[in-house]
Amino acid sequence: MNDEDTHAAYEEHLAKQREKAERKARKEAERTGPIPIALPDLISISNLALALKVEKELFLEQLAELGFEGINLESIMAGDTAALVAQEYGYEPTVVSDTEDLKARPPPADPSVLPPRPPVVTIMGHVDHGKTTLLDYLRKASVALQEHGGITQHIGAFSVNLTDGKNITFLDTPGHAAFLTMRQRGANVTDIVVLVVAADDSVKPQTIEAIKHARAAKVPMVVAINKIDKEGARIDHCKADLATNGVEIEDYGGDVQVVCVSGKTGQGMDDLEENILALAEMLDMRAETDGPAEGWILESSLKPVGKAATILVKRGTLRPGDYIAAGTTWAKIRHLRNEAGDEIMEAPPGTPVEILGWRDLPSAGDEVIQAPDEGRAKTAVEYRAGLRDREKDAKAHEQIVEQRRLHQEKRALEDEDDSGNNGKSRREYGTWGTTEAAPTEGGAKTVNFVVKGDVHGSVEAVCTSILEIGSNEVQPRVLRSAAGHLIESDVEHAAASRSTLVNFNQPIMGHIKALAEANGVPILDHNVIYHLHDDVRNVLSSHLAPDVSIKVLGEAEVLQVFPINVKGRKFNNIAGCRIRNGTVAKTNRFRVVRDGQTMHDGELESLKHVKKDIMEAKKGSECGIGFEDYQEFEVGDVIQAYEEVRTKRSL
Ligand code: GDP
């Protein structure tokens with residue numbers, strides 16, 4: 001093929017693809033009616049392709065055909081124009097103006113001229129490897145606590161002051177859970193991950209999970225090999241395991257620093273801090289201390305003093321009296337408090353700070369943006385709530401369409417089965433020992449959960465983790481979730497809705513446990529998200545229909561059929577058989593198979609050898625078989641003795 005031919009063939013291929021996509025879109029639109037879609041004032045071509053669910057390159061070509069010239073995926077289209085395009089694809093667009101929203105400022109042109117800010121560090125690692133111990137050790141050097149007799153408030157993060165006057169901010173929310181929720185919301189709050197590995201236990205599943213998360217988020221790591229004071233410490237073994245799991249540690253020629261520490265004796269802890277700082281210096285984190293502040297919600301909870309949320313400030317400086325919006329709620333900052341509970345007058349970038357004054361509790365991972373005044377904060381929040389409702393409507397619409405499609409597919413399959421002759425019998429006919437799954441019922445079963453946890457952030461992470469599990473047969477549903485202890489009404493609600501209670505990272509009061517037990521409400525109680533995930537998976541798996549397989553135990557071939565007199569003038573047919581395979585026992589279930597079709601299925605009335613009743617007949621022997629409610633044997637039929645084997649399935 002010469003170049004021209006290749007080109008022509010390629011053109012033809014593209015044209016076919018285009019036609020196919022258009023046909024599909026037209027068909028979809030005909031079948032479902034227009035799908036509502038909300039478009040912003042301005043949208044990039046690549047985002048529009050995503051929104052319309054069209055492959056990007058193909059979308060560019062189709063746009064060219066519609067007369068758009070000289071555009072690429074980064075080109076920006078006005079909302080009204082995008083709406084016209086969306087109509088072509090069978091959507092019903094509305095353009096929503098987002099000038100009402102509050103947006104983060106564009107990134108600084110030259111960050112190197114900005115003031116430095118403290119690095120933000122998350123400690124991750126396997127359970128019991130010493131994360132809490134290391135954090136507690138570091139917390140003792142907390143800026144706030146040094147002046148404060150060591151009483152700490154849990155606000156999800158704290159600042160450590162190092163000898164040379166520099167600060168490091170440590171996140172103190174449940175390790176992986178916090179990291180994951182933040183990341184799922186697109187918030188990369190962490191600059192550095194400290195990966196803790198116990199010297200006597202080496203790399204474990206959650207260590208690998210942490211490595212994966214850090215790598216996916218492109219966050220650099222420092223490894224702390226902990227518990228080196230223990231007798232079973234095997235530092236070299238840990239290093240080799242880390243290298244095997246893709247951590248490029250310095251001993252193996254990589255640039256990930258490894259520090260050996262003991263959270264118990266304090267050995268190596270200064271070294272760890274120095275290493276973190278050295279890495280931070282290399283990363284050279286800087287941020288504006290002026291202009292509208294931005295940040296992330298680390299966690300939120302209802303405290304006796306009111307609705308509280310910890311913010312990690314990213315840019316700008318927060319002060320009492322400022323207005324801020326996060327997600328669909330806003331606050332006029334009443335107080336700023338540090339981890340010792342002291343009121344502070346300002347929170348510059350890199351500082352974790354608890355803020356009181358919220359209308360509603362914000363969610364962990366929400367972006368915080370400062371508003372110039374109360375009106376702007378309120379408008380932004382109202383605008384976002386409206387957008388969320390519209391998205392919900394569109395989702396509901398999509399779900400209805402999807403359900404309708406599944407229903408139609410199921411109907412089509414059933415019709416096919418009905419019209420195919422003996423389709424059903426053919427599938428049921430198992431040969432010697434074959435396994436077949438039980439047919440599934442249409443529509444997924446829903447399994448309910450009620451979730452409580454210590455803080456809003458972990459409740460969110462737990463809900464996310466629960467909702468990840470499921471299949472088209474069984475789906476989890478979180479009926480209610482909130483921060484706080486399990487209380488009577490949670491148990492009552494769970495009992496009424498047949499839910500499983502989930503309790504995360506907090507004690508359960510004795511009378512609540514007793515109440516749950518009395519009501520038959522199961523409680524999954526965990527402080528490690530990874531274990532909880534497994535337990536939830538087990539709960540869901542227990543709702544899966546078992547695999548039912550048919551195990552054929554013996555087969556008898558019908559050699560002749562003869563009537564015998566049972567009572568008065570009543571005659572029953574008996575099949576005179578020879579056992580071809582296995583053993584048939586009178587207590588088995590039996591089916592009569594002719595030409596691959598099951599003619600009858602049931603229990604035996606009689607099993608005889610000559611005239612004697614017998615309990616079983618083995619391969620090679622002859623016997624008479626009779627059913628009470630089936631007489632239509634034919635010579636050549638096969639009578640199978642079988643049992644149903646039910647095997648539990650898991651997700
Ligand atoms: P986490 O689950 O990762 O937060 O682990 P913890 O900090 O709760 O530690 C688990 C256990 O290991 C606790 O009993 C700690 O006292 C113990 N531990 C932590 N660090 C060390 C250490 O350096 N040496 C020794 N011997 N024990 C430690």
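Of the 651 residues in the protein chain, 44% count as buried, and please keep in mind throughout that what you see here is a predicted model. For the accessible area, the protein chain exposes about 34000 Å², and 50% of that area is supplied by carbon and sulfur atoms.

Turning to the fold, the protein chain has 16 helices and 29 strands as its secondary structure. If we take the contacts in the protein chain that have a separation of 6 or more, 72% of them are accounted for by residues 24 or more positions apart.

Now let us look at the ligand. Which residues are the closest to the ligand? Of the 15 residues that surround the ligand, the closest are Asp128, Lys131, Thr132, Thr133 and Asp229. Helix H5, which covers residues 131–139, gives the largest share of this shell, with three residues.

For Thr133 the distance is 2.5 Å, for Lys227 the distance is 3.0 Å, and for Ser262 the distance is 3.2 Å. How much of the area that the ligand exposes when taken alone does the protein bury? Taken alone, the ligand exposes 580 Å², and the protein buries 72% of that area.

Terms used: Residues are numbered from 1 along each chain as its sequence is written. This is a predicted model: local features need pLDDT of at least 70, side-chain atom pairs count only at pLDDT 80 or more; totals for chains, interfaces and linings use all residues. Side-chain values use heavy atoms; hydrogens and water are left out. Helices (H or I, at least four residues) and strands (E, at least two) are DSSP runs, numbered from the N terminus. Buried means under 20% relative accessible area, exposed over 50%, partly exposed in between (1.4 Å probe, protein chains only). Contact means heavy atoms within 4.5 Å. Accessible areas come from the Shrake-Rupley method with a 1.4 Å probe; for residues, only the protein chains shown count as cover. A residue is near a molecule or strand if one of its heavy atoms lies within 4 Å of it. A polar contact is a pair of N or O atoms within 3.5 Å; within protein, one must be able to donate a hydrogen and the other to accept it, and residues adjacent in sequence count only if both atoms are side-chain atoms.
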